[in-house]
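Please read them with the coordinates open.

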Amino acid sequence: MLLKASFDTEKSNELIRSGKMPGLIEGALERIKPEAAYFTTDHGERTCYMVFDMQDSSQMPVIGEPFFMEGNAEVYFTPVMDAQELRTGLSQLG
């Protein structure tokens with residue numbers, strides 16, 4: 001799964017000034033345990049991308065809500081495959 005969280009600039013400024021942004025990010029990393037995490041800007045907003053293994057869609061609230069509630073973020077979940085999963089999927093085409 002690919003998680004994209006883009007933070008509202010005003011809200012993320014508040015989180016940075018108050019010292020709460022590191023806790024939000026560290027908490028997410030602990031909960032999600034991504035195999036990769038990247039931090040950048042997208043469309044002018046602070047954005048993080050995390051690639052992780054989602055076992056069940058019921059994990060979406062636990063993962064997404066802190067970003068929504070604390071960072072006023074736009075959060076997207078996108079299924080993705082690694083190269084081996086793509087090979088497996090392509091091998092199943094008739």
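Predicted model: local features only at pLDDT ≥ 70, side-chain atom pairs only at ≥ 80, totals over all residues.

1. Which side chain does the side chain of Thr47 meet in a polar contact of 3.0 Å? The partner is Ser6, whose side chain is joined to that of Thr47 at this distance; a polar contact is a pair of N or O atoms within 3.5 Å, where within protein one must be able to donate a hydrogen and the other to accept it, and where residues adjacent in sequence count only if both atoms are side-chain atoms.

2. Residues are numbered from 1 along each chain as its sequence is written, and side-chain values use heavy atoms, with hydrogens and water left out.

3. To place the two partners, Thr47 belongs to strand S3 (residues 45-51) and Ser6 to strand S1; helices (H or I, at least four residues) and strands (E, at least two) are DSSP runs, numbered from the N terminus. Thr47 counts as buried because its relative accessibility is 3%, and Ser6 counts as buried because its value is 5%; buried means under 20% relative accessible area, exposed over 50%, and partly exposed in between, with a 1.4 Å probe and protein chains only.

4. The surroundings of this pair can be listed from both sides, with contact meaning heavy atoms within 4.5 Å. Not counting residues up to four places away in sequence, Thr47 touches Lys4, Ala5, Ser6, Tyr38, Phe39, Thr40, Thr41 and Asp42. With that sequence limit also applied to Ser6, its contacts are Glu45, Arg46, Thr47, Asn72, Ala73 and Glu74.

5. How many aromatic pairs does the model hold? The count comes to one, under the rule that rings of Phe, Tyr and Trp (its six-membered ring) pair if their centres lie within 6.5 Å, with planes under 30 degrees apart counted as stacked, over 60 as edge-to-face and the rest as tilted. The pair is formed by Phe7 and Phe67, edge-to-face, at 5.8 Å centre to centre and with 65° between the planes. It links distant parts of the chain, since Phe7 is in strand S1 (residues 2-7) and Phe67 in helix H3 (residues 60-71), 60 residues apart. Phe7 is buried because its relative accessibility is 2%, and Phe67 is buried because its relative accessible area is 0%.

6. The largest pocket holds about 230 Å³ of space. On a 1 Å grid over the protein atoms alone, a pocket is an open set of points where a 1.4 Å probe fits, with protein on both sides within 12 Å along at least five of seven lines, and lining residues have an atom within 4 Å of a point. Grid points are joined across faces, edges and corners, and the volume is the space filled by probe spheres set on the points. The lining consists of Met1, Glu35, Val51, Phe52, Asp53, Met54, Pro79, Val80, Met81, Asp82 and Glu85, which by class gives seven nonpolar, no polar and four charged residues.

7. One of the lining residues is Val51, a member of strand S3 that counts as partly exposed because its relative accessibility is 24%. Leaving aside neighbours within four places in sequence, Val51 is in contact with Met1, Leu2, Pro34, Glu35 and Ala36.

8. Some backbone details deserve a check by eye. At the start of helix H1 (residues 9-18), a side-chain oxygen of Asp8 reaches to within 3.3 Å of the backbone nitrogen of Glu10, and just after H1, Gly19 takes a positive phi of about 80°. Lys33, in the loop between helix H2 (21-32) and strand S2 (36-42), has a phi near 50°, a positive value in a residue other than glycine; Lys33 counts as exposed because its relative accessibility is 63%. Asn72, in the loop between H3 and strand S4 (74-78), has a positive phi near 50° and is partly exposed because its relative accessible area is 48%.

Notes: Nonpolar A, V, L, I, M, F, W, Y, C, P; charged D, E, K, R; others polar.
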